[in-house]
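I opened my notebook to look around a structure that was new to me. Here is what I looked up, in the order I went.

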Amino acid sequence: MSVENNRNVGQQDYYMVDIEDYPESNWDQFKQVVKRTFSTELFVGLWVVLREMLKFNIHTVKYPEEKLPLGPRYRAIHEMLRLMESGTERCIGCGLCEKICISDCIRMETKIDENSRKEVSEYSINFGRCIFCGYCAEVCPELAIVHGGRYENVSEQRAHYSMFDDLLTPMDTFKAGQQKEFPGFGAIIPGSDESVKKTPLAY
Amino acid sequence: MDTAFIIETIVKIVVILLIFSALAGIGTYFERKILAFMQRRLGPMYVGPFGLLQVAADGVKLFTKEDIIPTGVVAKIFKIAPVITAATAFMAAAAIPFLPTFTVFGYTVHPIVADINVGVLYVLGVMAIGLYGPLLGGLASANKFALISTARAASVFISYEVITGLSLLAPLMMVGSFSLIDFNNYQVDNGWLLFSQPLAFILFWIAAFAETGRTPFHLVANDHELIDGFGTEYSGMRWGLFFIGEYANMFFISFVMALLFCGGFGDGSVAGALALLGKVAFFFFVFLWVRAAWPDIRPDQLMWLCWKVLMPLAVINIVITGFVMMF
């Protein structure tokens, strides 16, 4: 199993906790109290917190200055990617994302352009409604609409729209080679080249 | 009574009031920081260097908040209750020697407001009167949580106050005086009472946690059960007075423990004075340390502990001490 597909996080060395029987009589209760008083359990607790203080292994992330790394499959504000070869937008206006969107937040209009190709004339995502489920990225046959890592969103109104041009990779960013392929929903699984079989032609 | 004495006393009172009001604020800073470190957090960081001005920010907040007297409360009692907590906490400080006697510019200063011959009784008694703050405040608040908190305060009070008194009886028998300075001098000659009366020390320490209402006996204003207990309806500086009273109490009880059981300021040298402050800091730290580590117990468990376990132990301790002293 490849690393990417192993979702069993952690050490997997679970064990059953040994829970004593509850005291039934007063005498049992008394014995439990005496045992707990004179065992060092309470001081183990004190030692644990003191040890952590002395180790000073602070886990605080000072958020505005420091940020945690995002997982590759993180689903934040969408991005519209360009074709790596030509730099034209990948979107072919098929309308699948609009169709599959379960919160009805994608709206697109298309037209036939001068080259008789379908072109997106209007495209907007209502981020007031979007639940970032990732279906649009998953259904997109061209890997055109993907999820990016921008999760700090502030708007003056609840119905906050983003238009196609806002989401599209800017041309200068693209030319600088800064457009990252999206590894999350809908992307090709790493190592899938090996699992592709040649089409048998000898029938 | 000469004028110099009156001026000196007034100056001492003002100094103690100022220092311990400020310490109550700084105590919250240390509490936040130490709890944070024990939980692998940073605590206050942004207000001032290392969050030191957080205390000032809290003060500004408390002072500028509206002082709300809700409808339905017994206004007079509601207003006076926090004053009782804060005032008695500071009144208790009158009989505590905070430092050994020292000389400044040829003038001998006794850092105790009044060395009365019933010092221990006075300190513990006045601290106990401080309980009227939660009691009256909770009853006057017309709030169910405050009322439950008051009932708890009463039940906790009758439990731990017995331990406080009885646990101190044995050391009192050995020292033969109620004055905290006599306690200190006794321990200079005979070694710390902590070693000759270990059981009394532990009992008094446990009772001190109940007296100051700290975890694991934080039952009167238990946040997750009673919101803020008796303080639920309070806002602004009235709540702040409760707060200052509680933290001042923590410092004073730390002083009392250091003086009664841990040698106090010893022979009165500078090292002894520093040692006293170190002991007080340690006891204060333990208050915070325990809060980070241990859970709260139920009120009935505290009453069970006090009446059925600690009180018999205290009585046995007194009897044994008596026999040892007799023969």
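**Ground rules.** I am working with a predicted model, where local features need pLDDT of at least 70, side-chain atom pairs count only at pLDDT 80 or more, and totals for chains, interfaces and linings use all residues. Residues are numbered from 1 along each chain as its sequence is written, while chains are lettered from A and ligands numbered from 1 in the order in which they are written.

**Chain A, overall.** I counted 7 helices and 5 strands in chain A; helices (H or I, at least four residues) and strands (E, at least two) are DSSP runs, numbered from the N terminus. Read from the N terminus, the order is α-α-β-α-β-β-α-β-β-α-α-α. The radius of gyration of chain A is 28 Å, well over the 17 Å that the globule rule gives for 203 residues, so chain A is more spread out than a compact globule. For my own reference, that radius is taken over C-alpha atoms, and the rule is 2.2 Å times the number of residues to the power 0.38. I also noted that the C-alpha trace of chain A spans about 90 × 60 × 35 Å along its principal axes.

**Burial in chain A.** Of the 203 residues in chain A, 14% are buried, meaning that 20 or more other C-beta atoms, placed from the backbone, lie within 10 Å of a residue's own.

**Where the chains meet.** I found 12 residues of chain A in contact with 9 residues of chain B; contact here asks for C-beta atoms, placed from the backbone, within 7 Å.

**The cores.** I next looked for nonpolar cores, which are sets of buried Ala, Val, Leu, Ile, Met, Phe, Trp, Tyr and Cys residues joined through C-beta atoms within 7 Å. The largest has 94 residues, and B:I96, B:F252 and B:M257 have the most contacts inside it. Helix α11 (residues 236-261) of chain B gives the most to this core, with 18 residues. A second, separate core has 19 residues, including A:C136 and A:F182.

**A look at B:F78.** Is B:F78 buried or exposed? B:F78 is buried, with 23 other C-beta atoms within 10 Å. I located B:F78 in helix α3 (residues 75-92) of chain B. Beyond its neighbours within four places in sequence, B:F78 is in contact with B:I69, B:V73, B:G137, B:A140 and B:S141.

How values were computed
Contact = placed C-beta atoms within 7 Å. Buried ≥ 20, exposed ≤ 12 C-beta atoms within 10 Å, placed from the backbone.
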